[in-house]
Amino acid sequence: MGGNDNCLPLFETRPTKGRILFQLYAATIFVGISFICVYRVRWFPERGSWTERWTWVGLFVAELWFTLYWLLTVVVRWNPVRRFTFKDRLSCRYDDKALPGVDIFVCTADPMIEPPTMVINTVLSMMAYDYPPEKLSVYLSDDGGSELIFYAMLEAAHFSKEWLPFCWKFKVEPRSPEAYFRMAATNPPSHDSFMTKDWLMIKKLYEDMKIRIETTTKFGRVPDNLRQQHKGFREWDLVSSRQDHQTILQILIDGRDPEAVDVQGQALPTLVYLAREKRPQYHHNFKAGAMNALIRVSSRISDGPVILNVDCDMYSNNSESIRDALCFFLDQEKGHEIAYIQYPQNFVNITQNEIYGDSLRVLMEVEHPGFDGNGGPCYIGTGCFHRRETLCGKKYSKEFKAEWRSENNRNSEESSSALEESCKSLASCAFEQSTEWGKEMGLKYGCAVEDIITGLSIQCRGWKSVYFIPERKAFLGVAPTTLMQNLIQHKRWSEGQFQIFLSKYCPLVYGHKRIPLKLQLSYVPYNLWAPNSLAMLYYVVVPSLCLLKGKALFPQISSPWVLPFPCVVLANRAYSLWEFLSCGGTLQGWWNEQRIWMFKRTTSHLFGLLSTVLELLGLSKATFNVTEKVVDEDVSQRYEQEVMEFGTKSPMFNIIATLAMLNLLSCIGAIKRVIVDNKALDLLALQMLLNGLLVCLNLPVYKGLFFRKDSGSMPPSVTLFSIIFALLASTIAMY
């Protein structure tokens, strides 16, 4: 290659399309909001009762809050960019020997919630990357310390000797066996007789392995005859419980061993199982603690300068993702500035119309590119390639130049057994005492969303980050399949985000003079999910209650002041719909997303706010809830049919059902009032439209309350609770 070719960039950045349209939309909304503010001030009910005045003030405050929040979202979306890589240039510039080692971290916590078969499918997909296997090391952190997971990993290690050469030979995608065979259904490829033969053999081997693992999982323990097959099972003879055990570290495939090869004689990636030590007297710091243990242990075994971390349900869907990431790290002009490359979260089990709005498509395809344009995306905890040094606390300097060509720091003289023993102390409970781990080194502790503050701190040390959306999705995970799972997940996210805002890591404080102001502001809308619930709750409840008494909170339909309200709402929702459709969604999917966001803001985010306040007062402690990946067959069937799942007693369902009933009663009362008094329609038209919209959004709730008879309907106690409280609130409002 010529000298000029070697200087060509390995990636480029382009502004996204539609920015002028967005700027026109933002200007239109801002003008409309200005008129609404003028109306609220000019038409303040000075002669009204005390209740009327404060109701008006409350609504105005809620609208001011929505305005502030909307302005913050405008900052996020103002300058989105897209990244494009040139892997052909990377291949010409770097041969396999010159490529850096890559350590891949997979985290799991509970074999009952995250099935072993799902975990090993993720592990196998990571092992099968289109990358030199001697440069690849895969680590599984099992925070449940389960022998069931360890047994599944042993099975995966054996199966990898057949699966990996099959993937490399036929260039199959995706490289998760379960996903690959599910996509191929029952018909093997017929265009190649050699592939057909191998396909049938591999499929048989996989199904046999899957049956063995699932049988053992149902049994609840590994049979004695299987325990005798590997020395690692002896570790569980010393385990008291999942929260009280020693470090368990087993190198299942030693990449240094010349005999660690597949059936074709090719080298295999290193494969390591780790269950860090846990003792009741030590706080284990959830996923952040597991990640930090992996960073230390891997530095002793393989020490790859690049680290990829994924959740155990997030399998690789693109075998070239590592090479895409290296196009950023190895770029001669800008690569030395980049700390991490964040890929989008995508999900394999999303239904056509996204009944729970789980795809997060606008967040991933619109807002995060905007984050990138403002200075770099946040770290979202999975699907992220890191520079090891930045995770270990290194600050950026202009003189810094990474030496990627160095070989992995592997001690070829030390046996795998000796290496296991020497590494166990690195994952012990006492190792981090009086150190900077969890503070200035590794992932941060003390927050439910440790990934966000970790990424922020890296950016504040001077590093850049990159958001990359490949043509073929890089990772596919499992989205929540019930409403309760979704609400609990968002409760944890909103709680953690608000904790950040109230802590020393608040982007406006911690990021001051360290990162651009526009990047500081880009974090804030997510930090404010929890308090945003109060304004939403006010807007959902108060106008409906006032409707029962005939008190108008909006202009008469005959007044010219009515125009800004529908203009702002219609422009905002029309642009939202355009965004959703342009990201590949459907009209029904967009409508479902509006419903789910209303549910989240009035329940998940509200409970996140309350939990944060209680924790600040010392009345509760932080917890970490793993999102369940296993559901009953009838629940799965309803999810596939896009029927909303209630079925369990929960304070969140009490709120959702009560708000739905309250709006239904208000709608009935308003219709009755209009029938009796024709002038009421002119006075209350906007309130009735708002109320009618809320009723339409709640249609699945009414079905669950009154019409469905399956196990996914609202529990009778929730129905009774919602009716009583809605009637009580309506009676108080009227009298």
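**An aromatic pair and its surroundings**

Author: W163 is buried, and F181 is buried too. Buried here means under 20% relative accessible area, exposed means over 50%, and partly exposed is what falls in between (1.4 Å probe, protein chains only). The model is predicted: local features need pLDDT of at least 70, side-chain atom pairs count only at pLDDT 80 or more, and totals for chains, interfaces and linings use all residues. Residues are numbered from 1 along each chain as its sequence is written, and side-chain values use heavy atoms, with hydrogens and water left out.

Now the rings. A pair of aromatic rings is described by the distance of the centres and the angle of the planes. Rings of Phe, Tyr and Trp (its six-membered ring) pair if their centres lie within 6.5 Å; planes under 30 degrees apart count as stacked, over 60 as edge-to-face, and the rest as tilted. Across the whole structure, a search finds 45 aromatic pairs. W163 and F181 have ring centres 6.0 Å apart and planes at 55°, so this pair is tilted. W163 sits in helix α6 (residues 147-170) and F181 in helix α7 (residues 177-184), so the pair ties together parts 18 residues apart in sequence. Helices (H or I, at least four residues) and strands (E, at least two) are DSSP runs, numbered from the N terminus. Elsewhere, Y39, W43, W56, F66, Y539, F554, W561 and F565 form one aromatic cluster.

Next, the whole. The protein has 26 helices and 12 strands. Its radius of gyration is 28 Å, close to the 27 Å that the globule rule gives for 735 residues, so the protein is as compact as a globular protein of that length. That radius is taken over C-alpha atoms, and the rule is 2.2 Å times the number of residues to the power 0.38. Along the principal axes, the C-alpha atoms fill a box of roughly 90 × 60 × 60 Å. Buried residues make up 58% of the 735 residues. Among contacts with a separation of 6 or more, 83% join residues 24 or more positions apart. Contact means heavy atoms within 4.5 Å. The accessible surface comes to about 31,800 Å², and 59% of it belongs to carbon and sulfur atoms. Accessible areas come from the Shrake-Rupley method with a 1.4 Å probe; for residues, only the protein chains shown count as cover.

Helix α15 (residues 450-460) is mostly covered, with 11 of its 11 residues buried. Among them are E450, D451, T454 and Q459. I452, I453, L456 and I458 are also on that list. Just after α15, G462 takes a positive phi of about 100°.

Charged pairs come next. Side chains of opposite charge can pair when their charged atoms come close. A salt bridge is a side-chain nitrogen of Lys or Arg within 4 Å of a carboxyl oxygen of Asp or Glu. By this rule the count is 37. E579 and R77 meet in one, at 2.3 Å from N to O. E579 lies in helix α20 (residues 564-582) and R77 in helix α3 (residues 50-77), so the bridge ties together parts 502 residues apart in sequence. E579 is buried, and R77 is buried as well.

E12 and R14 also bridge, at 2.3 Å from N to O. E12 counts as partly exposed because its relative accessibility is 28%. R14, at 38%, counts as partly exposed.

R221 lies in the loop between α8 (193-219) and α9 (224-227). Leaving aside neighbours within four places in sequence, R221 is in contact with E147, L148, T216 and R227. The C-alpha atoms of R221 and Q345 are separated by 33 Å, and the two residues are 124 apart along the chain. R221 has a relative accessibility of 35%, so this arginine counts as partly exposed. D224 is partly exposed too, with a relative accessible area of 48%. D224 and R221 form a salt bridge, with their closest N and O atoms 3.4 Å apart. Salt bridges that share partners also join D634, R638, E645, R708 and D710 into one network.

Last, a surface patch. V613, L614, L617 and L619 form a nonpolar patch with about 380 Å² of accessible area together. Patches are made of residues with over 30% relative accessible area and no salt bridge: like charges are joined within 9 Å, nonpolar side chains (Val, Leu, Ile, Met, Phe, Trp, Tyr) within 5 Å. L614 belongs to helix α21 (residues 587-616). L614 is partly exposed, with a relative accessible area of 37%.
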